[in-house]
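Please keep the sequence and the structure in view while reading.

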Amino acid sequence: MAQRVTYNDAMHLLERLIATPSHSRQEQATADVLYDFLTQRGVEARRHLNNVWAIQPHHNPQLPTLMLNSHHDTVRPSQSYTVEPYEPLHRDGKLYGLGSNDAGASLVALVALFCNNYTAELPFNIVLALSAEEEVSGVNGVRALLKELKEQDIKCDMAIVGEPTQMQAAIAERGLMVWECEAEGRSGHAARNEGENALYKALEDIELLRNFRFDRSSELLGEIKLTVTQIEAGVQHNIIPDRCRFVVDVRTTDAYTNEEVVELLAEKMQSTVSPRSTHIRAAVISMEHPLTRAAIAVGCDTFISPTTSDRTLMDFPALKIGIGDSARSHTADEFIYEAELAEGMERYEAILEQLKRFI
């Protein structure tokens, strides 16, 4: 039987994580900390790359499975820090430190939730998934971990994703694509008006993107947003440019797959369209899903998240909810309120208790 994880235990774990640098793709040390914490408390923890995971000892494949997920990597600290980012500092009811808010507090609270229900008989299974590389959407983070779980015949049906949301329930978030576009022309002398101006071709495509309207709209997320954010053309003032490159920021919805958006617009544009990736998809969970109902039952408000997270990589319903405030993420002197950790641990337990009613 796993040892119960108290508020003090969770706080001490969070302090250790802050004190252990874990920039994206460099999370070996925090993976060690998490693995050791779990095994020392009687949990059969497992490692895959820098991801740490565990299942209940009585995992029943006939029952639905809830994943408890958060990430232990961080961005690099801002140069504007006035406190030491890797030294946990308690002051005025706050805990300062890099990763305290994004997403250390949520992670340790989910660790506590898993440990405290490790041997509980529930109408669903629980899988703990502490992932790496979230901040860079890396291939060795939750994507690799989800593949590992499938290879172990563990099918996840739903997830709680721990990200700072002030413990309110994010039921949707947009997907993201970045397109590298290139228009081709033919160079010539500007004074003779020779050649074929690639810049003009690109401007026509940009105007197309600016005014394009999709036939379908998402009930929750509204319209897909297309924004040209960079453009580059030409080598000097008197040469017609034969290449024009521009970048498009695309915020997708559940009305179309990312691949459908690319195909639909690429066939209308003169420029070639090359997405950097298509894996960050829009994520929506129904208001009638048991997880959403459980969160509402304990007093959570629902909202649409303006930020992306690893939930976009999950092919099953997921609710993003966690401790802290996303406005503090990636900022200097990142912190959580100490009371937020205690309140978040209680709310996670309450959601799990309510989930029993709706499964």
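A polar contact, as the term is used here, is a pair of N or O atoms within 3.5 Å; within protein, one atom must be able to donate a hydrogen and the other to accept it, and residues adjacent in sequence count only if both atoms are side-chain atoms. The model is predicted, with local features needing pLDDT of at least 70 and side-chain atom pairs counting only at pLDDT 80 or more, while totals for chains, interfaces and linings use all residues. Residues are numbered from 1 along each chain as its sequence is written, and side-chain values use heavy atoms, with hydrogens and water left out.

**Overall build**

- The chain holds eight helices and 16 strands, where helices (H or I, at least four residues) and strands (E, at least two) are DSSP runs numbered from the N terminus.
- Its C-alpha trace spans about 80 × 45 × 35 Å along the principal axes, and the accessible surface (Shrake-Rupley method, 1.4 Å probe) comes to about 16300 Å², of which 45% belongs to carbon and sulfur atoms.
- Of the 359 residues, 52% are buried, meaning under 20% relative accessible area, as against over 50% for exposed and in between for partly exposed (1.4 Å probe, protein chains only).
- Among contacts (heavy atoms within 4.5 Å) between residues at least 6 apart in sequence, 80% join residues at least 24 apart.

**Nonpolar cores**

- A nonpolar core is a set of buried Ala, Val, Leu, Ile, Met, Phe, Trp, Tyr and Cys residues joined through side-chain atoms within 4.5 Å; the largest one has 57 residues, and those with the most contacts inside it include Leu-38, Val-111 and Leu-341.
- Helix α3 supplies the largest share of this core, ten residues.
- Apart from this core lies another, of 23 residues, among them Trp-179, Ala-202, Ile-206 and Leu-209.
- Not counting residues up to four places away in sequence, Leu-341 touches Tyr-7, Ala-10, Met-11, Ala-105, Val-108, Ala-109, Ile-323 and Ile-336.

**Helix α2 and Thr-30**

- The buried residues of α2 are Thr-30, Ala-31, Val-33, Leu-34, Phe-37 and Leu-38.
- These residues cover an arc of only 160° around the axis, which puts them on the same side of α2; the arc is that of the directions from the helix axis to the C-beta atoms.
- An α-helix has 3.6 residues a turn, so residues three or four places apart point the same way.
- The cover over the buried residues of α2 includes α1 (7–18), β1 (46–48), β2 (51–55), α3 (100–116) and β6 (125–131).
- Thr-30, in α2, has a relative accessibility of 1%, and its side chain reaches the backbone oxygen of Glu-27 at 3.1 Å.
- Just after α2, Gly-42 takes a positive phi of about 90°.

**Helix α7**

- In α7 (residues 290–297), the residues Pro-290, Leu-291, Thr-292, Ala-294 and Ala-295 are buried, under cover that includes β3 (65–71), β14 (302–305) and α8 (338–358).
- Following α7 comes Gly-299, whose phi is positive, near 100°.

**Arg-311**

- Arg-311 lies in the loop between β14 and β15 and is buried, with a relative accessible area of 2%.
- A polar atom of the Arg-311 side chain lies 2.6 Å from the backbone oxygen of Ala-318.
- The C-alpha atoms of Arg-311 and Asn-69 are separated by 9.0 Å, although the two residues are 242 residues apart along the chain.
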